[in-house]
Amino acid sequence: MPDIIPAPVHDADVFGGNPREGIALCLSGGGYRAMVFHIGSILRLNDLGILGKLDRISSVSGGSITAGVLGMNWGQLGLSKTTPKADPVKLKQFLVEPLRKMASTTIDEGAIFGGIFLPGTISDHVADKYASLLFGKSTLQDLPDDTAGPRFVINATNVQSGVLMRFSKPYMRDYRVGQVLHPQLPLARAVAASSAFPPILSPCEIDVKKYGLKFEPPAEDEDLNTSPYNEHLVLSDGGVYDNLGLETAWKEYKTLLVSDAGGHFKPEPDPKHDWARHAYRVLDLVDSQVRALRTRDLIILFQQHVRSGTYWSIRQDLARIGQSSIPAPSAHTTELADIATRLQKLDDKLQERLINWGYVACSAALRKNYSAIADVAEILPYPGSGI
């Protein structure tokens with residue numbers, strides 16, 4: 001966990017809401033890098049008997065691909081508060097194998113060319129690929145009920161209103177536009193919106209009537225519950241607003257577990273001067289600072305005991321943290337962290353190393369900062385691949 005001097009917190013609810021007992025898991029963005037890293041984290045949470053005890057899973061971007069597959073198949077895993085660990089064979093069948101199949105397929109290049117030369121937008125083609133490879137005809141209504149598992153919240157950024165559009169089974173909602181109850185939106189489309197990272201895959205547009213959606217009459221504070229805001233949604237990657245998926249978790253629950261596989265702003269000695277590439281560089285810098293501020297806020301929550309839980313990152317230095325019996329040389333983990341934020345094929349060995357690293361990073365952070373776990377032995381998901 002980063003060394004950060006905490007700011008004073010005068011109000012236990014300064015970060016909003018009236019948090020209740022319960023555990024929320026947040027899965028960050030980061031393309032296939034994040035999607036695969038989070039697999040390892042989930043495997044470790046299952047080992048520790050935490051997976052079935054989760055009350056909420058909030059995700060953005062690449063993390064939403066992982067969350068969507070987990071949510072769609074939750075009923076197949078037999079998880080509950082009284083049975084908090086899934087059979088590893090079932091977890092492999094219903095989570096690991098589908099996601100690894102996806103990670104073995106490049107879809108962003110084909111979607112870009114399809115969006116240029118064929119009918120439909122780039123995001124339409126991404127959603128079609130998600131449907132064919134992962135989600136089929138599943139909708140948000142195929143996620144578990146609140147009584148049968150955690151509430152899965154898939155987050156996108158509403159470019160029109162400037163706030164989050166939250167997709168879940170009970171509703172999809174933007175606090176300025178309003179909500180649609182029990183939305184029959186394809187899961188592939190919700191995940192495509194959440195992972196429409198700019199500038200290439202963004203925006204993801206949703207014609208409300210096409211999917212039989214209808215926003216409720218406006219409440220007092222829903223100032224944008226009018227056309228076109230409630231008829232044609234223009235959405236971008238959830239990480240544009242909140243790259244850790246924290247917003248829908250830290251206001252609701254007292255315990256936060258945060259898996260961060262986000263990107264990293266690299267120094268560049270000779271930045272490009274043409275307007276397009278220079279603008280992209282500046283926007284990348286702005287995005288990096290927003291992510292850093294979100295992480296800082298989270299660490300303050302923990303240090304001031306406003307929330308319990310822990311945070312782990314694909315960029316953390318395991319030698320500094322300790323708490324693991326499995327070596328993870330920083331040269332190896334940095335190589336994994338530097339994988340491009342894309343939906344581009346990863347070879348089998350790279351996938352296995354990423355899963356192993358997600359497993360170990362999660363385990364080390366839990367052991368160091370979250371005392372509510374038993375000391376369960378660490379067994380790498382892919383022992384022969386290392387980190």
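These notebook entries record what I looked up in the structure above.

**Entry 1: the model.** I noted that this is a predicted model, in which local features need pLDDT of at least 70 and side-chain atom pairs count only at pLDDT 80 or more, while totals for chains, interfaces and linings use all residues. Residues are numbered from 1 along each chain as its sequence is written, and side-chain values use heavy atoms, with hydrogens and water left out.

**Entry 2: confidence.** I looked up pLDDT, the predictor's confidence in each residue, from 0 to 100. The protein averages 89, and 89% of the residues score at least 70. Over residues 1–14 pLDDT stays under 50, and the model has 29 contacts (heavy atoms within 4.5 Å) beyond four places in sequence for this stretch.

**Entry 3: two helices.** Helices here are DSSP runs of H or I with at least four residues, strands are runs of E with at least two, and both are numbered from the N terminus. At what angle do α6 and α7 pack? I found about 130° between helix α6 (residues 122–135) and helix α7 (residues 187–194), with their axes 8 Å apart. That makes α6 oblique to α7; angles under 35 degrees count as roughly parallel, over 145 as roughly antiparallel, 65 to 115 as roughly perpendicular and the rest as oblique. The axes are lines fitted to C-alpha atoms, for helices over the stretch in contact, and angles run from 0 to 180 degrees between N-to-C directions.

I then listed the residues that make the contact. Helix α6 contributes Ser123, Asp124, Val126, Ala127, Tyr130, Ala131 and Phe135, and α7 contributes Leu187, Ala188, Arg189, Val191 and Ala192.

**Entry 4: cis peptide bonds.** I recorded a cis peptide bond between Pro198 and Pro199, with omega about 0°. Pro199 lies in the loop between α7 and β7 (204–207). Another cis peptide bond joins Ser227 and Pro228, with omega about 5°. Pro228 is placed in the loop between β7 and β8 (232–237).

**Entry 5: positive phi.** His182 is not a glycine, yet its phi is positive, at about 45°. I located His182 in the loop between β6 (178–181) and α7. Is His182 buried or exposed? Its relative accessibility is 54%, so His182 counts as exposed; buried means under 20% relative accessible area, exposed over 50%, and partly exposed in between (1.4 Å probe, protein chains only).

His305, also not a glycine, has a positive phi of about 60°. I found His305 in the loop between α10 (275–303) and β10 (308–313). At 71% relative accessibility, His305 counts as exposed.
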